Amino acid sequence: MTEPILTAKELRKRYGDNEAVRGISFSVLRGEIFSLLGPNGAGKTTTINMLSCLIEPTSGTAEIAGHAIPGDTLNVRRAIGVVPQEIALYDSLSARQNLEFWGRLYDMGGKELSRRVDEVLEQVGLSDRGKDKVKTFSGGMKRRINIAAGLLHKPQLLFMDEPTVGIDPQSRRRILDMVKELRDQGMTVLYTTHYMEEAEELSDRVGIIDQGKLIALGTQDELTKIVGEQETLRLHLNEEAAAAVAAIDGGAAATDGRVNLFAGSAGVLGAAAVDHQIVVSVTDANAALAGVVGRANTAGLAIRSIDIERPNLEAVFLHLTGRGLRD
Amino acid sequence: MKKLLAIMWKDVNVLFRDGAAVALIIAGPLVLTIGLGLVTGSFAASDAPAISRIPVLIVDQDGGRFATALTDLLTGEDLADLLAPEMWNDEAAALERTRDGDVAATVVIPAGFSAGFLPDMTTGALPDPVALRVYGDPGSPIRAGVVRSIAEEFTNRAQTGVTTVQIALTSLATSGAASPAELPAIGRAMGEQLFSGDGAAAATGSLIDLRVESVAAGDDESFDPLAYFAPAMALLFLMYAVTLGARTLLSERREGTLARMLAAPVTNGQVLGGKVAGIFLGGFIQMAVLILLSTTLFQLNWGNPLGVLLVIASAALAATGWGLLIAAVSTNSGQVAGLGMALTLIFGILGGSFVPGMQMGSLLERAGSITPNKWAMDGFMALAAGDGLPAIIVPVAALLAMAAILFIISAALFRRRQSELLVG
Ligand SMILES: Nc1ncnc2c1ncn2[C@@H]1O[C@H](COP(=O)(O)OP(=O)(O)OP(=O)(O)O)[C@@H](O)[C@H]1O
Ligand SMILES: [Mg+2]
């Protein structure tokens, strides 16, 4: 459990003027679920693509299961399984035909392949739909087949790139449970997401990634210690929070979502607008609540409800970047 | 090698599991062959008095627009020499007369036939098609076959002709195919004649007109149109089939399946090789199936089987080369489709697929030499005439040389774009 199966050193990827990944280093330990948590465009997929040898790093190296990147790409690919962010399946083929095809690319065949296909179909709960064409599947079912295709050859290390994006809550629940099962069966998982709750539920360790950089890394306890005993007030509004705040501040709200309305109110450390919410970091929620609500009322913000949250990864992200994690 | 084959089979599978594609590349050429062949009186040799004024009963239980169009067609001027139609109301009685051999066939237009062509106004989806029922007198299979082919062609035209070909022609017109200025114009004119009509009545009629004209121009006594059009149409649609395959070179990139293949322990060479082999095999199977089907349907004699195999294989290779070239110069699969359709039609014209012995001037005739269609036709015609393998050395060599040159050019183009091609 302490030995790393993946080590990335100073990985960089530049696209023209845009540096998508700016020197990322981390390791994934055997048997753990490691999450890369970060907002859209943070560089998660680019990092995964470099680690699965789909694109060459502009600079930097990595080692997976003892094989070097760049260099030993064929062996690296043998050791890993990849679940891409976009569903990559052949719509006109059945689920089983898809899986058999992907299995063949991993040197499988015959009875063994057929048995593994049965197993993974069972694992993703679609045994009875194997014969149906993928185009007849719902989005959530396609996502599950997309995952199944990455499991066929029992990889030592599985990359899952935002596997729950855009699906219904039940399918999502299923997938999260499955990831935990996989870990319990001994697989190592590198999981990317921009959902704080997923990272919190799944991860043994989390790397927080923003604008191509890893800005924090550790277990959840270690990360939440960064923000100290800080708590979060989450104000739910009926309208887009950034717009509402902009209206109050006379259009002066910062474009990065920072909210200055509560600055100076007792116990308030910072605040940011995310979608229909304003996320306020405070030292003590109970003590700060009255002041925050007072300011909001005076300013004319219509608050629908308020959540009080213990220290969490979102607070860490807010603390480190001054911005919220976007859904 | 195993992985290359896996990729190849996957592609063949994807192609032949696409119902619309199969309808187009298998049923399309057969129907066109029958359509082009029947009006030339090719059946007349065997069945001379019977081929005119075929007695046929029409039972219209639908009464909708497309039913009327079909009855108009069957009872109209265009087919007056061919058919002696009669409208009946009682299906059972009509069938009995057919079984007794009093008429050659009965065409039943079931209720809901017209509605089957009309998309749902809100969703645009087509309802399940309601098929025509054509009952033939077992005693006169050829005459019944003629009626059946007209009915089938009508349906086929109304369904795929309108949508697919109109779209294709639009792309031909707009894709700006980089070819001599007059070629797209010819392609359009030809296509419009062949595929004109807003869905129903015009479909078969225009086809017949075209045939009458073109055969009048290039007729000769011993000419069997079916023996000509069966390979010609197969080759026309071979070009189309390979461009369907070539399209996947780019669509797989967009869909992320290419990236997924490359994330597996396979080499770039295996992936590209598998794709190319898949395009080739798709075309080869299509040709082979068409030749087998037309052998049984039209009793054609293709000649030396080994020779036929060689011509099919080398034609499919050369066509694959063209498909690759198109994919190599396109940036997305829509472009491949547009260029592919343009090339299919242009090659069909230059290679003489539509009009046998067409006089087009020596420049255009020489231009025909860049088409797989022309060389493969030379090969097929020689074999059908009873010539042995030596007769196809030149066409086969020309096709293989064409394939080699196209493969080399495409490989060079692909190499230059490699980084961009693999992952977006
Ligand atoms: N092929 C490419 N060419 C140019 N820029 C790219 C390319 N791929 C990614 N980028 C850029 O790199 C940055 C990181 O993108 P990446 O897809 O890695 O983010 P991500 O964290 O996966 O985001 P998401 O949550 O939206 O999937 C973005 O600014 C993106 O625009
Ligand atoms: Mg991504």
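These legends go with close-up views of a predicted model.

**View 1. Who sits around ligand 1?** Here we look at the residues surrounding ligand 1, and they come from chains A and B, so the site is shared between chains. Of the 14 residues in this shell, the nearest are Gly41(A), Lys44(A), Thr45(A), Thr46(A) and Glu162(A). Sorted by class, the shell is made up of eight polar, four nonpolar and two charged residues.

View 2. H1(A) gives the largest share, with three residues.

**View 3. Oxygen atoms of ligand 1 pair up with polar atoms of chain A.** Zoom in on Thr45(A): an N or O atom of its side chain is 2.7 Å from an oxygen atom of the ligand. Lys44(A) uses its backbone instead, with a polar atom there 2.8 Å from a ligand oxygen. For Asn40(A), it's a polar side-chain atom, lying 3.0 Å from an oxygen of ligand 1. On its own, ligand 1 has 630 Å² of accessible area, and the protein covers 66% of that.

**View 4. Two helices of chain B pack against each other.** Meet helix H9 (residues 225-255) and helix H11 (residues 268-298), both in chain B, with axes 9 Å apart and an angle of about 155 degrees between them. Angles over 145 degrees count as roughly antiparallel, so that's the label for H9(B) and H11(B). Their crossing is right-handed. As for what's in the contact between H9(B) and H11(B), there are 15 nonpolar residues, along with five polar and two charged ones.

How values were computed
Residues numbered from 1 in each chain as written. Chains lettered and ligands numbered in written order. Predicted model: local features only at pLDDT ≥ 70, side-chain atom pairs only at ≥ 80, totals over all residues. Heavy atoms only, no water. Axes fitted to C-alpha atoms, helices over the stretch in contact; angles between N-to-C directions. Helix = DSSP H or I, 4+ residues; strand = E, 2+ residues; numbered from the N terminus. Parallel < 35°, antiparallel > 145°, perpendicular 65-115°, else oblique. Left-handed = near helix turned anticlockwise from the far one by under 90°. Nonpolar A, V, L, I, M, F, W, Y, C, P; charged D, E, K, R; others polar. Near = heavy atom within 4 Å. Polar contact = N/O pair within 3.5 Å; in protein donor to acceptor, adjacent residues only side chain to side chain. Areas by Shrake-Rupley, 256 points an atom, 1.4 Å probe, with all protein chains shown as cover.
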